[in-house]
Amino acid sequence: MKTPEEPPLAPDCLSSDQAPAPARLSSQASSMDKNTDPELMPPSPDGDDPPLTSPDPVSGPAVSQELEEGDPASLSSPLETGFGTPSKLSPRIEEQELSENMSLPAEETNRPELGSGEAMECVSEEPAAENEEYITWNYSFSQPPQFFSGSWSEFRTQPENFLKGCKWAPDGSCILTNSADNILRIYNLPSELYNEGEQLEYAEMAPVLRMVEGDTIYDYCWYSLMSSAQPDTSYVASSSRENPIHIWDAFTGELRASFRAYNHLDELTAAHSLCFSLDGSQLFCGFNRTVRVFSTARPGRDCEVRATFAKKQGQSGIISCIAFSPAQPLYACGSYSRSLGLYAWDDGSPLALLGGHQGGITHLRFHPDGNRFFSGARKENELLCWDLRQPGHPLWSLSREVTTNQRIYFDLDPTGQFLVSGSTSGAVSVWDISVAGHEGKPEPVLSFLPQKDCTNGVSLHPSLPLLATASGQRVFPEPTDSGDEGEQEVDIPLLSMRHIHLECQLQLWWCGGSPDTSIPDGHQGENGQGRTEGGGG
């Protein structure tokens, strides 16, 4: 297994005409490994300028020793400073601003911004081109995606282990996974993404951080304003059975804070769902018939309790998922009682109660326009689209295979054009939801099979055309075939998993169809562990 290593310090500044590709970050040492890593070489936007050197030490999910010694204030413990919401961050970090900030060390991020015509002496002597356009990346599913990299050995060390989803960081610097061994893992973007020139052999990805929970993990999420350029925003929230909500530092893997919820008997109770508010000031947690709201600036047990069911009215059941509208001051809650609720953000007052699913709701996502949102349920073969302007009934539905109680994720690309979903059969389906097809609902434009096992997690990168998939499911032994009665009995187990095929792996897929993208041409035709099946529709 490849060991993540630590890159050297980057220059103090970069010229604006050599801004790196979006979501650029370094592979940095975790708290368990302090080796050194080869430099990452982002491709030049126009192909003429030389590639940039390694990025700064605060752009990955693990902190370096130099940063710990040189700037201890940036990693203050929550006991001293809490982890207040940064005042200068916006809910959606622009790609160009992110790439520029990530090129600066922590102590330099507060410098005044330079104009587009000012050159920085530490990298390039040439002045920046005022009219140079910044490269944008778009998803394209006109052809099956190409395997890029992945991780599988990490999840085979324990028997009956399987992945339970994956989520890209809001700034795209790294990806977070959950698995049945109750370990959260953080992976950096593969360094091969930034190499130019000859075709490279893709190495298996290795996690840079492992965060161990005490029991089954119910839910996990990134901080909504997470930016690797600002370590105080780089953390993850997780909830596990019979444990408080934990806040993990995404640079060191250490526990930064805890939020504790207690029931009417003053007993600790675990949250079943987690979601940070868009401004990062609050953490919303789902419980049985209740949503508790914690202030991210004050860890502990103080919270606001918002009942979703009172006087035999409202949304009953366990609140299994929460999502915020990017345009309206409201949030949606799904419950295992097969209902959807819309609530005002400020005080939690109920706005609407929707029904239409045949199974318990497991996942919600809002469209970027803020008017539509999507819901998926367990043991139900439909994804429903809802319109806030006509909330009385679903707008349309999409077909996918979900035959178990497992949470099967789906995701939208940043533009809101494509919706991607996994399935129990393992097939990944893609719909162009910007085009109405037969009966007014979108038709699938692509379906491919990453592996033969269940695809439970899909996540689309916020700035690069990279699709991440996670696979695996809980399986049970099958009865063994008994021999003839006349044969002598031997020690044959009654149950066996001999004919069960397990494929537990994290995979990254390149979904860029444009020939002028920055990925080398040789990489676009590289096949990996996955298999593609058919396309178009």
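Residues are numbered from 1 along each chain as its sequence is written, and side-chain values use heavy atoms, with hydrogens and water left out. In this predicted model, local features need pLDDT of at least 70 and side-chain atom pairs count only at pLDDT 80 or more, while totals for chains, interfaces and linings use all residues.

Colleague: How many helices and strands are there in the protein?

Modeller: Both are DSSP runs, numbered from the N terminus: helices are H or I with at least four residues, strands are E with at least two. The protein has four helices and 34 strands.

Colleague: What percentage of the 537 residues is buried?

Modeller: Buried means under 20% relative accessible area, exposed over 50%, partly exposed in between (1.4 Å probe, protein chains only). Of the 537 residues in the protein, the buried share is 54%.

Colleague: How many salt bridges does a search of the whole structure find?

Modeller: The criterion is a side-chain nitrogen of Lys or Arg within 4 Å of a carboxyl oxygen of Asp or Glu. Searching the whole structure on that basis gives twelve.

Colleague: Why does the salt bridge of Glu154 and Arg185 tie together parts that are apart in sequence?

Modeller: Their side chains meet at 2.7 Å, N to O. Both residues are buried. Glu154 sits in the loop between strand 1 (146–151) and strand 2 (163–168), and Arg185 in strand 4 (residues 183–188), so the parts tied together are 31 residues apart in sequence.

Colleague: Which residues join Glu154 and Arg185 in one network?

Modeller: Asp181 also forms a salt bridge with Arg185, with the closest N and O atoms 2.8 Å apart. Asp181 and Arg185 are buried. Through shared partners, salt bridges join Glu154 and Arg185 with Asp181 and Arg210.

Colleague: How many residues apart are Asp219 and Lys167?

Modeller: Asp219 and Lys167 form a salt bridge, their closest N and O atoms being 3.7 Å apart. Asp219 lies in strand 6 (residues 217–222) and Lys167 in strand 2, so by the DSSP numbering this pair links distant parts of the chain, 52 residues apart.

Colleague: Which residue in strand 14 is the bridge partner of Leu283?

Modeller: Strand 13 (residues 282–287) and strand 14 (residues 290–295) pair in the antiparallel sense over six bridges. In strand 14, the partner of Leu283 is Phe294.

Key
Pairing = 2+ DSSP bridges.
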